[in-house]
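Thanks for making the time this morning.

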Amino acid sequence: MADSAPSPIPASRRRRVASGIVDIAIITAVGILTPLPPAGRLAAGLLTAALITLAQALTGASPGQLLASIRLRRAICPTDPPGGAAAERAWLFTLAALPTFGVLPLAMVVSMDTGGWHRTWYDRMAGTIVVDKERSPELVRVVTANGRLFTVTQPTVVGRAPDPLPGRASRLLVDFQDDPSVSKTHALLEPVRGGVLITDLYSTNGTHAEDAHGVHRLSPGRAQTVERGRRVYFGDAECTIQ
């Protein structure tokens, strides 16, 4: 059984918008208040934007993100700073912001998908995610229909006899040996605030989860948050998230 770093939690819309407003305000203030000719003020504003992007690349946090307690990370390795992906993201953000006076990026954040990692168009293009500042993982309990209980405090692969995920440290949980509807390696569970992030690992009978609109099948390979108190089905095996 391998150990793992705490699973990051997707940042909320409110914190993302707040951090963006702070960063834009800093860049704008420098560009307006610097006692230089117009060309010099423009250069000062661009230099400030470049320094903020450099800070994101090296540390994963701009001034606004520091204040909002969120971080920019690479999607393929969400515990590390984004490096060059931060510059690509900043360029895509600028392309979307300039023609629309900043309205389009804001609209993307407000309308982003609330499942999975809450990624916008420019996050997907740059391969980045925005997460809450790392903290100790929450304890999530999963109760099966026959009363068995297991806890999830780190990325956990469930199934009848699950294999580890390539290139990723995960706990392996063998808890469904007597249920043929559950695949050998069925799903990945990761603790997040308020529930568990579940990714169906291309199981034969699928993974179904309950939300406010009813029970639906999860798209294989796509992570989705299941809230506490909701039911989830690994094949025919019913469980409740607590």
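Predicted model: local features only at pLDDT ≥ 70, side-chain atom pairs only at ≥ 80, totals over all residues.

Let me begin with Ser69, which sits in the loop between helix 3 (63–68) and strand 1 (70–74), where helices (H or I, at least four residues) and strands (E, at least two) are DSSP runs, numbered from the N terminus. Residues are numbered from 1 along each chain as its sequence is written, and side-chain values use heavy atoms, with hydrogens and water left out.

Coming back to Ser69, it has a positive phi of about 60° although it is not a glycine. Its relative accessibility is 28%, so Ser69 counts as partly exposed; buried means under 20% relative accessible area, exposed over 50%, and partly exposed in between, with a 1.4 Å probe and protein chains only. Tyr202, in the loop between strand 8 (195–200) and strand 9 (207–211), has a positive phi of about 60° as well, and is not a glycine. At 63% relative accessibility, Tyr202 counts as exposed.

**The chain as a whole**

The chain has six helices and 13 strands, and of its 242 residues 44% count as buried. Taking contacts between residues at least 6 apart in sequence, 55% join residues at least 24 apart, where contact means heavy atoms within 4.5 Å. The accessible surface comes to about 12100 Å², and 62% of that belongs to carbon and sulfur atoms; accessible areas come from the Shrake-Rupley method with a 1.4 Å probe, and for residues only the protein chains shown count as cover.

**Helix 1 against helix 2**

How do the axes of helix 1 and helix 2 cross, and at roughly what angle? The axes of helix 1 (residues 13–33) and helix 2 (residues 38–59) come within 7 Å and cross at roughly 150°, the axes being lines fitted to C-alpha atoms, for helices over the stretch in contact, with angles that run from 0 to 180 degrees between N-to-C directions. That makes helix 1 roughly antiparallel to helix 2, given that angles under 35 degrees count as roughly parallel, over 145 as roughly antiparallel, 65 to 115 as roughly perpendicular and the rest as oblique. The crossing of helix 1 past helix 2 is right-handed; a crossing is right-handed if the near helix is turned clockwise from the far one by less than a right angle, and left-handed if anticlockwise.

On the helix 1 side the contact is made by Asp23, Ile26, Ile27, Val30, Gly31 and Ile32, and on the helix 2 side by Arg41, Ala44, Gly45, Thr48, Ala49 and Ile52. Sorted by class, the contact of helix 1 with helix 2 has seven nonpolar, three polar and two charged residues, where Ala, Val, Leu, Ile, Met, Phe, Trp, Tyr, Cys and Pro count as nonpolar, Asp, Glu, Lys and Arg as charged, and the others, Gly among them, as polar.

Leu33, which also lies in helix 1, is exposed, with a relative accessible area of 66%. Leu33 and Gly45 are twelve residues apart in sequence, and their C-alpha atoms are 9.8 Å apart in space.

**Helix 2 against helix 4**

The axes of helix 2 and helix 4 (residues 84–97) come within 7 Å and cross at roughly 140°. That makes helix 2 oblique to helix 4, and helix 2 passes helix 4 in a right-handed crossing. Here Thr53, Gln56 and Ala57 in helix 2 meet Ala86, Ala87, Arg89 and Ala90 in helix 4, a contact that divides into four nonpolar residues, two polar and one charged.

Is Gly159 buried or exposed? Gly159 belongs to strand 5 (residues 156–159), and with 0% relative accessibility it counts as buried. Leaving aside neighbours within four places in sequence, Gly159 is in contact with Leu173, Val174, Asp175, Phe176, Val182, Ser183, Lys184 and His186. Gly159 and Ser181, 22 residues apart in sequence, are 9.9 Å apart in space, C-alpha to C-alpha.
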